[in-house]
Amino acid sequence: MRELIYLTVLLPLAGFLINGIFGSRIKNEKVIGTIGSGVIGISFLIALGAFFETLALPVEQRQLIVTLFTWLDVGGLNVSFAYQVDQLSLVMALIVTGVGFVIHVYSIGYMHGDKGFWRFFAYLNLFIFAMMNLILADNFVLLFLGWEGVGLCSYLLIGFWYDRKFEKSTTSDAAKKAFIVNRIGDFGFLLGMFLIFLTFGSLNFNEVFSKANTFSVSASIYGFITLFLFIGATGKSAQIPLYVWLPDAMAGPTPVSALIHAATMVTAGVYMVARCSVLFASAPQIMTVVAIIGLMTAFFAATIGIVQNDIKKVLAYSTISQLGYMFLAMGVGAFSAGIFHVMTHAFFKALLFLGAGSVIHAMHEEQDIQRYGGLKKYMPQTAITFLIAALAISGIPPLSGFFSKDEILWYSFSNGSFILWLVGVITALMTAFYMFRLYFLTFEGKERFGHDKHPHESPKVMTIPLIILAVLSVIGGFVGIPEVFSGEHGNQFHNWLAPIFKDADRKLMHFGLHSHFEEILLMVISVIGASASILLARYIYLKKPEIASRTASRFKGVYNLLWNKYFIDEIYDAVIVSPTVMISKNVLWKIADNRIIDGTVNGVAKLIEILSATIRKVQTGVAQLYALVMVLGIAAALLWIILSF
Amino acid sequence: MENNFLLTYLILLPLIGAFALLFISQEKASAIRFTGLTFSALTFVVSLFVYFGFDHSSPDFQFIHKFEWIKGLNVYYFVGVDGLSLLLVLLTTFLTPLTLISSWSSIEHKIKEFTFFMLLLETGMIGVFVSLDLFLFYIFWEAMLIPMYFIIGIWGGKERIYAAIKFFLYTMFGSLLMLVAIVWLAVFASGSLGYFTTDITQLYQVAPTITRDIQLWMFLAFGLSFAIKVPLFPLHTWLPDAHVQAPTAGSVILAGVLLKMGTYGLLRFNLPLFPDASLYFAPFFSILAVIGIIYGALVAMVQTDMKKLVAYSSVSHLGFVVLGIFAMTQESVQGAVIQMINHGLSTGALFLLVGVIYERTHTREIADYGGIAKLVPFFAFSLMFASLSSIGLPGLNGFVGEFLILIGSFRSGVLNSWWFTVFAATGVIFAAVYLLWMYQRVVFGEVKNPSLNGLKDMNAREIFVMIPIFIFILWIGIYPSTFLKVSEKTSAKIIHQVFNPVQTAEKLINKR
């Protein structure tokens, strides 16, 4: 199975081609949906087979590279379409194909009746194709192919309903914004690649990373390389300052939000940093930057999430916030903890989005949580699975989110500092609060919707995926039970990934000087805090709804700031977008190009015209005049000859 | 060496076709069209023979055909191809029949003259790429202007006369300086060889021995002419006018092939003939190239006319090519060569698509469109595909060229600074901005303009034109080796010529 790993890339491509080319003629939703989901299901089985095969192998034999053919072979550059099976890529492959499959199935129900049904499945398959390239690539350039490819699919799927309005603008604005902001990040990623090639003379992971262990390269070069790569990551994974596209990406159909903008694509930046852990570990100052950016993003996104009323928007900010945690983990050198959180987050966040989709479906496209309420009795399965996901993300033991989040918090304390931990915990409390605000306002309490709405439970094709993800959200954490509890076996997940990060760990040299007592104490604090937040949310939004509005009006300034997301979009628009367009139009085009450059060109032509018009007058056609000039000329010539003697 | 007539056939075929047309009566429109198409298609087939007979492992000129033409001046009819010119010849013979098919319904009056000029143009273009004698090169270079002048001037838009004259004079101005330089070179050669020559294989040996100061002037005389053709910022203003006014076929050929003559000239003549000057001017030309990349993109962004937008995007894309040439690394030069082909394909496709929609609506104003995805799905797909190719999405052709150029210029010893690449790479962002913004305004949203209702999607003929282009866009994107291998040795040779100019006896004499 390991040798067949390239099929997990090619099968989704085949699905894309079949549905993309023939989909409009097949028409039958069942056939299209089966093809679309089927290829992903088979890919998942192959990845699973490869995983178990790898598990049975001794550690040193676990890496395998399957090369298909050479892509670019020019000068010193040589990269191939080559796929790498190792501990890290397998974890990612299982997440992407596994969660991907579940979401594909769900989409059969969710997209039922949409006239672009075939197009939707074609795009989804194309996305999985690109994503598999991203995570299985054995070199930076192929990773970049996947990286841009997922960006394209994200663009196509955000703008899927291309003729619809979205908030103040349109879905196509949101799509374009996503692509362009991502491209800004990609610009950084490209520069990172160039510098890696300049420094190590290669862009293949194995070569670069082994040279990073042996070459003596100055810290500032590592600093630049990792900074550039991290800029790329902030674009793809929606971190400060490039996170602005993700909230707008909610314009896409909800399964897209679940798959691309929560579970998989947005974690690509985290994956990339983990993959390049050796490089990052060689640039401690950039590691600090990564940690701080991650933490700031986690914190600020959470503050925005508290006040939003659109169910998907709350989840979007929550995703940004959780991605921030993952980068915090990367920044403090807890690479495997970060990847662990990628996995658990994929489970519970996909579940939250699919649950939200189920609600939106039932409420006839209504997304405002102020107009929900009491939906539990109409759609119990959605409500219960949503509750499980909310508990998981809030970090309530023994659900999956508890293990991964607490591991990150612990490392931010033990490898980082008390401040990192404290802000992390505060963010976790806010997370628990706004998630349960969302839960209570949606599923509990009074019904706040009109009689025109007839909420109902979604069909099985949608609820079964919810149940699968709910089970994973509950048990998914058990693969990473911390050493404190599991004793001599250690953290299984951590052990599995350890060979990938051993070089980075060696460079970072963190000593476990902290006691188990501290670890358990911090854990207890955060669990108590989260539980208290949940109860607070219950008190405010279920028992005393007037508190919320009173608080909002008392702190009107703060509330407005949060409601408007710190006006970041407006600031970007005023400082970057509008001036660029304005200057390009009025200065570069109308003045520089039309007046100055073209004016000069036409001016020269005009000048010649005037000159020749003047000279032309000499040609009068009067023979006597010509004769006179001739005589004068001869006289002048003679005079000159005589004088020069 | 035995003469090989294949390239001569290649030059003559379209010419014969053009004259064959003269015997067909003006009324028989389809007979004229089929004759034109047949000859250009035959030319393409012959060029394939050249491709399959070409030895990739050799950097030398192949398929050489040479005989004395003007005795006293030692001027030869001398043609041959290397990896660089072969790719451009293939691009020419590939695009010409496609543009003829694309004009099937858009050109309705003076069909005979139109086809005549198109075929004449093809002869001129092939001639430019295969000439190995400067005199012969110059004749083709100038001759090509005439059919293009008429194509813009007769079948163009409202301002066609202004645009045609501007195009003609601008290019003419540059080439006059080149003519002076050619004469000077021939005379210089007689100084060291004892006889006049305009044979570039001989001049490759002799010209590098020119002292640096004079090389600088020679470089500029050739370089200005090529820079206008590229066009390099700030010599680009003829381009938007010419493009907007030209009929679709003219725009495709103009962007697809004619612009490449500038970058081809730089690689074929400037670098190997004047290596010292090339090294001296490299940073200067690269700065202009980088300015062009950003400036062209920003100005493209704010255009309201689709065709003008694509025209300005050419300034940006060709900036990449020039940067790649003057970075003078194997990666960057190979990138530049493949990017020439890429630009021909993706910009050619964009112009064809603008033509397709213009033929239906008679407007190119972006603001007149919106929401046509529903009405013309295949057109929407095609425009997306061509745009993505132009944006440089990995997996499609544009990425391969841009990536190689950027990575090569980053490690270039000649430029010796990151900044060229850093600024050039911002073009990657801007390309996405201007193309996706146009795409959004044209294709997405709701149909607001009632006159768009009933818009017909691309017909079989139009699809037939796009498909081959798309195949190559994908091919180069996924397996570029097919094409990179063709020019690999040539690119290496050109770089070698710059850094290790031939040390002939002459130079030693000068030193003494």
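In this predicted model, 17 residue pairs are in polar contact across the interface of chain A and chain B, both residues at pLDDT 80 or more. A polar contact is a pair of N or O atoms within 3.5 Å; within protein, one must be able to donate a hydrogen and the other to accept it, and residues adjacent in sequence count only if both atoms are side-chain atoms.

**Interface make-up**
- Five elements of chain A give two or more residues to the side that touches chain B: β1 (64–74), β2 (77–85), α5 (140–158), α6 (171–200) and α25 (568–616).
- Helix α6(A) gives the most, with 15 residues.
- Helices (H or I, at least four residues) and strands (E, at least two) are DSSP runs, numbered from the N terminus.
- By class, this side of chain A has 32 nonpolar, 8 polar and 10 charged residues.
- Ala, Val, Leu, Ile, Met, Phe, Trp, Tyr, Cys and Pro count as nonpolar, Asp, Glu, Lys and Arg as charged, and the others, Gly among them, as polar.

**Salt bridges**
- Chain A and chain B share 4 salt bridges, each a side-chain nitrogen of Lys or Arg within 4 Å of a carboxyl oxygen of Asp or Glu.
- One of them joins Lys374(B) to Asp163(A), at 2.7 Å from N to O.

**Contact and buried area**
- 50 residues of chain A contact 58 residues of chain B, where contact means heavy atoms within 4.5 Å.
- The two chains bury about 4900 Å² between them, with 74% of it on carbon and sulfur atoms.
- Buried area is the accessible area (1.4 Å probe) that two parts lose on being put together, summed over both.
- Tyr162(A), Arg183(A) and Phe194(A) supply 14% of the area that chain A buries against chain B, more than any other three residues.

**Backbone geometry**
- Most residues other than glycine have a negative phi, and most peptide bonds are trans.
- The Pro397(A) to Pro398(A) bond is cis, with omega near 0°; Pro398(A) sits in the loop between α16 (380–394) and α17 (400–416) of chain A.
- Phe233(B) and Pro234(B) are also joined by a cis bond, with omega about 0°.
- Glu365(A), not a glycine, has a positive phi near 70°.
- Lys565(A), also not a glycine, has a positive phi of about 55°.

**Conventions**
- Residues are numbered from 1 along each chain as its sequence is written, and chains are lettered from A and ligands numbered from 1 in the order in which they are written.
- Local features need pLDDT of at least 70, side-chain atom pairs count only at pLDDT 80 or more, and totals for chains, interfaces and linings use all residues; side-chain values use heavy atoms, with hydrogens and water left out.
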